[in-house]
Amino acid sequence: MGAPFDTRAAGRYRRITAEHYAMKADTHPDYHMITVKMTDGTEFQTRSTWGAEGDTLTLEIDPTSHPAWTGGTKQLQEGGRVARFNAKFGGLKLKK
């Protein structure tokens, strides 16, 4: 059946070779192991392009402390858009 063909070559066909699939050297970032430290003190290791091999990434906000993940809706209840709307227009009476 032969090698696949590429139709993008200005109206003519050209054969795709193994050279087309080879990755360029030195174009990808260094991917290495780092340690991630959560706000509660727990740590885990993961692969990343951040920092250098063996560095520790200390998080300021993570799923154990951020209200979006912990279910904290206090801010919305105290001064969200609905509360501001009700404060501004809550006393208006609708005509029937």
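Which residue in β5 is the bridge partner of T35? The bridge partner of T35 in β5 is T56. The model is a predicted one, in which local features need pLDDT of at least 70 and side-chain atom pairs count only at pLDDT 80 or more, while totals for chains, interfaces and linings use all residues. Residues are numbered from 1 along each chain as its sequence is written, and side-chain values use heavy atoms, with hydrogens and water left out.

The strands β3 and β5 pair in the parallel sense over 3 bridges; two strands are taken to pair if DSSP finds at least two bridges between them. Strands are DSSP runs (E, at least two residues) and helices likewise (H or I, at least four), numbered from the N terminus. With β4, β3 makes an antiparallel pairing: 6 bridges join β3 (residues 32-37) to β4 (residues 43-48). In this pairing M33 stands opposite R47 of β4. The hairpin of β3 and β4 has 5 residues between the strands, and G41 takes a positive phi near 100° there.

Together, 3 strands form an open sheet of mixed pairing, in the order β4-β3-β5. Because β4 and β5 (56-58) stand at the edges with a single partner strand each, one side of each is left without a neighbour in the sheet. On average, neighbouring strands of this sheet are turned by 35° against each other, direction ignored; the axes behind such angles are lines fitted to C-alpha atoms, for helices over the stretch in contact, and angles run from 0 to 180 degrees between N-to-C directions.

Attention now turns to the aromatic residues. The structure holds 1 aromatic pair. The ring centres of F85 and F89 are 5.1 Å apart and the planes are at 50°, so the pair is tilted (rings of Phe, Tyr and Trp, the last by its six-membered ring, pair if their centres lie within 6.5 Å; planes under 30 degrees apart count as stacked, over 60 as edge-to-face and the rest as tilted). F85 and F89 are separated by about one helical turn because they are 4 residues apart in helix α4 (residues 81-89).

F85 has a relative accessible area of 48% and is therefore partly exposed; F89, at 35%, is partly exposed (buried means under 20%, exposed over 50%, partly exposed in between, with a 1.4 Å probe and protein chains only). F85, F89 and L92 form a nonpolar patch on the surface, with about 320 Å² of accessible area together. Patches are made of residues with over 30% relative accessible area and no salt bridge, like charges being joined within 9 Å and nonpolar side chains (Val, Leu, Ile, Met, Phe, Trp, Tyr) within 5 Å. A salt bridge is a side-chain nitrogen of Lys or Arg within 4 Å of a carboxyl oxygen of Asp or Glu, and accessible areas come from the Shrake-Rupley method with a 1.4 Å probe, where for residues only the protein chains shown count as cover.
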